[in-house]
Amino acid sequence: MKPSELEMQILVVLWERGPSTAREVLENMPDQKERAYTSILSILQIMDRKGLVKRKREGLTDRWRPANPKQSVLGQYLGEMVQKVFGGKPSAVFMQLLESGDVSEAELSEIERMIRVHKRRAKE
């Protein structure tokens, strides 16, 4: 099931921090918007029902973790966006990213390295 934008932010926290309590998720949300603890807890419970996260009871609290690996979820999420927004062309995504912001030399080098790796794999 495709995560909403808020659910994706929660997944990012869990992928980066590892298993976390609802309070830890709240304190580490990437957008830093003011939210109530109960709001994050409710979203985590919904995500549990959707199969996006799993929980393990620890005393009086739950520790949440993603149900699926980051690559699996992001691949599906980005794949749908590339199809819908960029006509299925990954090169259009790269062009948009490169033209819309500052890209450091280190990031450009990493992109070039990834392209070389993928070219080698395609030849095999």
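**Pockets and a ring contact: a tour**

The residues lining the largest pocket divide into ten nonpolar, one polar and three charged, where Ala, Val, Leu, Ile, Met, Phe, Trp, Tyr, Cys and Pro count as nonpolar, Asp, Glu, Lys and Arg as charged, and the others, Gly among them, as polar. This is a predicted model, in which local features need pLDDT of at least 70 and side-chain atom pairs count only at pLDDT 80 or more, while totals for chains, interfaces and linings use all residues. Residues are numbered from 1 along each chain as its sequence is written, and side-chain values use heavy atoms, with hydrogens and water left out.

Select F94, L97, I111, M114 and I115 next: of the 14 lining residues, these are the closest to the centre of the largest pocket. A pocket here is an open set of points on a 1 Å grid over the protein atoms alone, where a 1.4 Å probe fits, with protein on both sides within 12 Å along at least five of seven lines; lining residues have an atom within 4 Å of a point. α5 (90–100) and α6 (105–123) each give two or more residues to this lining, and α6 gives the most, with seven.

Move on to the second largest pocket, which holds about 280 Å³ of space, and select its lining: Q71, L74, G75, L78, G79, M81, V82, V93 and L97. Here α4 gives the most, with seven residues, and the lining divides into six nonpolar, three polar and no charged.

Finally, select R23 and Y37, where the charged end of R23 sits over the ring of Y37, 4.4 Å from its centre (the criterion being NZ of Lys or CZ of Arg within 6 Å of the ring centre and within 35 degrees of the ring normal).

Conventions. Helices (H or I, at least four residues) and strands (E, at least two) are DSSP runs, numbered from the N terminus. Grid points are joined across faces, edges and corners, and a volume is the space filled by probe spheres set on the points.
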